[in-house]
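This report examines selected sites of one protein model. Please view the sequence and the structure before reading on.

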Amino acid sequence: MKAVVWHDVGKIALEQVPDPAVRGPQDAVVRITTSAICGTDLHFARGTVPGMRPGTVLGHEAVGVVEELGTQVRNFNPGDRVVVCSTIACGHCVYCRAGYFAQCDVANPNGPNAGTAYFGGPAATGPFDGLQAEFARIPYAHTGMVAIPPGVTDEQAILISDIFPTGWFGARLAQVRSGDVVVVLGAGPVGQLAALSARMQGAGRVLIVDGNADRLETARLQNAETIDFNAEDPVEVVRELTGGVGADRVIEAVGVDAESPKAGPAARDGDQAAFERERRQVAPRTGVEDGHWVPGDAPSQALRWAVEMAAKAGTIGIIGVYPSNFDSFPLGMAMNRNLTIQAGNCHHRHYVPGLLSKVATGAADPTTILTQHEELPTAIAAYEAFDRREPGWTKVSLELM
Ligand SMILES: [Zn+2]
């Protein structure tokens with residue numbers, strides 16, 4: 001079969017690899033009909049997240065049709081359409097039974113404390129061959145596959161493999177309640193769906209911060225109030241728009257590879273106050289060097305903004321991706337303002353069935369954020385365009401039908 005394979009930093013290829021097979025009784029093989037490219041995949045291609053094993057198939061989002069089932073996968077028939085959950089969970093350990101599927105004790109072959117297991121990731125996450133391929137082996141398929149209700153398209157379902165549940169989870173972590181003013185940091189695909197999720201969970205107002213005009217335009221299509229960090233100080237604007245109080249809930253959907261605000265005109269024409277404001281925005285670019293986080297380096301701008309713009313006693317939900325050795329967080333300010341902070345990898349299996357139902361009934365449609373429909377044969381060119389952050393490239397699907 002054809003698959004997108006990681007060979008080295010900056011070196012990925014679409015090539016012929018052996019077909020996957022059922023290896024154990026809890027496995028299934030799925031013929032993939034739609035996959036997608038995620039920002040996380042770009043980290044692996046660029047090397048900003050290290051540790052990939054050469055030969056690993058990339059991709060952690062898929063919709064497909066069941067081809068073959070192990071003897072202990074009793075909830076599907078060949079021919080069923082399914083969403084594959086990005087993270088892999090056994091379905092029987094104490095963590096899975098409590099709904100903490102991303103902290104499964106069993107799925108990661110490196111041990112119970114090795115971290116979240118998922119498709120197409122670094123060696124420490126399994127590794128498991130990913131889903132940008134014609135076929136995939138799905139371990140613990142009874143738990144990791146979810147049947148697609150009639151009427152839900154591939155285009156809708158592919159967004160429920162990873163990013164819609166992650167956005168929903170971000171709003172849950174931030175404890176969004178009825179009437180809340182919610183700020184989402186980052187208007188990438190996950191941030192957009194976190195904004196949609198916050199509204200569905202009862203938010204009174206949803207504000208979204210980004211530096212990219214296309215993404216802010218997309219956010220306005222779903223009636224989020226947009227803030228351009230290249231044009232204004234997002235902390236000041238949030239305070240101004242909320243009567244000085246700040247946001248009840250902040251969802252941080254940026255992570256470690258934040259784009260820095262561009263130095264504005266004030267830096268050039270000598271307006272000292274504006275220059276200070278810009279300096280404060282621009283300075284803390286992340287400490288990623290040669291693909292490794294440098295501990296003790298400048299803290300993430302997005303985390304600092306989150307703490308600064310939250311109301312006293314507010315809540316921050318962090319779904320942006322940080323490496324495990326990242327240890328820079330403005331804790332003093334958070335502590336002194338009684339903030340609640342929750343963070344983590346999405347427990348996909350916990351949210352996927354409910355989101356499929358919401359999409360099936362028409363209560364939600366995540367497809368406004370799907371900007372690019374590509375096909376597997378052009379996957380490498382799609383990676384390159386996505387990596388250049390070409391205007392309008394928010395989310396890329398890879399169709400195989
Ligand atoms: Zn488990």
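Along the chain, the donors of the zinc ion follow the spacing C-x2-C-x2-C-x7-C. The model is predicted, so local features need pLDDT of at least 70 and side-chain atom pairs count only at pLDDT 80 or more, while totals for chains, interfaces and linings use all residues. Residues are numbered from 1 along each chain as its sequence is written, and side-chain values use heavy atoms, without hydrogens and water.

The protein donors (N, O and S atoms within 2.8 Å of the metal, or 3.2 Å for Na, K and Ca) are Cys90 (SG), Cys93 (SG), Cys96 (SG) and Cys104 (SG), at 2.3 to 2.5 Å from the zinc ion. Their arrangement is tetrahedral (four donors, all angles between 85 and 135 degrees) because the angles subtended at the zinc ion are 101 to 116°.

| Residue | Relative accessible area |
|---|---|
| Cys96 | 4% |
| Cys104 | 5% |
| Gly47 | 11% |

Gly47 is placed in the loop between helix H1 (39-46) and strand S4 (62-69); helices (H or I, at least four residues) and strands (E, at least two) are DSSP runs, numbered from the N terminus.

Glu374 belongs to strand S16 (residues 372-375). The side chain of Glu374 forms a polar contact with that of Thr378 at 3.3 Å, a term for N or O atoms within 3.5 Å, one able to donate a hydrogen and the other to accept it within protein, where residues adjacent in sequence count only if both atoms are side-chain atoms.

Definitions and conventions
Four donors count as tetrahedral if all angles lie between 85 and 135 degrees; four count as square planar and six as octahedral if opposite donors are over 155 degrees apart and all others between 65 and 115; anything else is irregular. Buried means under 20% relative accessible area, exposed over 50%, partly exposed in between (1.4 Å probe, protein chains only).
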